Amino acid sequence: MLGRKTFQIWEFYWPKHADNWPAINEVTTYVLSNTLKKSDWNNPIFYTSLSDIEKLKKSKGSDIKVWGSGELVQLLLQNDLVDEFWLMIHPLTLG
């Protein structure tokens with residue numbers, strides 16, 4: 001699941017770089033957006049409300065993963081729609 005801003009970045013990047021992460025172009029991408037309705041990339045499913053996400057969460061299937069999408073994560077946390085965090089931390093040395 002992605003927020004609109006992250007989706008627009010991924011939609012531009014991943015079709016041209018699938019060799020780095022082949023499965024990214026094969027999974028269903030759910031996008032929370034009030035403005036986007038369609039895309040040529042990856043046949044995404046666009047949601048416009050939390051109730052759409054709640055229905056998805058209650059349905060059978062694999063876990064829902066959110067990549068990036070800081071505003072979406074905050075919204076999910078505020079509405080008790082997060083079960084578990086898996087954090088990927090990338091150390092950075094400056095100087």
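Me: Contact means heavy atoms within 4.5 Å. Which residues does Thr 6 touch, not counting residues up to four places away in sequence?

Reply: Thr 6 touches Trp 67, Gly 68 and Ser 69 on that count. Keep in mind that this is a predicted model, where local features need pLDDT of at least 70, side-chain atom pairs count only at pLDDT 80 or more, and totals for chains, interfaces and linings use all residues. Residues are numbered from 1 along each chain as its sequence is written, and side-chain values use heavy atoms, with hydrogens and water left out.

Me: Where is Thr 6 found?

Reply: Thr 6 sits in helix 1. Helices (H or I, at least four residues) and strands (E, at least two) are DSSP runs, numbered from the N terminus.

Me: Is Thr 6 buried or exposed?

Reply: Buried, because its relative accessible area is 15%. The cut-offs are under 20% for buried and over 50% for exposed, with partly exposed in between (1.4 Å probe, protein chains only).

Me: Which side chain does Thr 6 join in a polar contact?

Reply: That of Ser 69, at 3.1 Å. A polar contact is a pair of N or O atoms within 3.5 Å; within protein, one must be able to donate a hydrogen and the other to accept it, and residues adjacent in sequence count only if both atoms are side-chain atoms.

Me: Switching to Ser 33. Where does it lie?

Reply: Ser 33 is in the loop between strand 2 (30–32) and strand 3 (45–47). Ser 33 counts as buried because its relative accessibility is 4%.

Me: What is Phe 7 in contact with, leaving aside neighbours within four places in sequence?

Reply: Phe 7 contacts Leu 2, Thr 29, Val 31, Leu 36, Ser 39, Trp 41, Pro 44 and Phe 46.

Me: Now pockets. How many residues line the largest pocket?

Reply: 34 residues, with Asp 63, Ile 64, Lys 65, Val 66 and Trp 67 nearest its centre. On a 1 Å grid over the protein atoms alone, a pocket is an open set of points where a 1.4 Å probe fits, with protein on both sides within 12 Å along at least five of seven lines; lining residues have an atom within 4 Å of a point.

Me: Which helix gives the most to that lining?

Reply: Helix 2, with 3 residues. Helix 2 (50–58) and helix 3 (70–78) each supply at least two residues of the largest pocket's lining.

Me: Which residues are closest to the centre of the second largest pocket?

Reply: Gly 3, Arg 4, Leu 32, Glu 71 and Leu 72, out of 15 lining residues. Helix 3 provides the largest share of this second lining, 4 residues. Helix 1 (4–13) and helix 3 each supply at least two.
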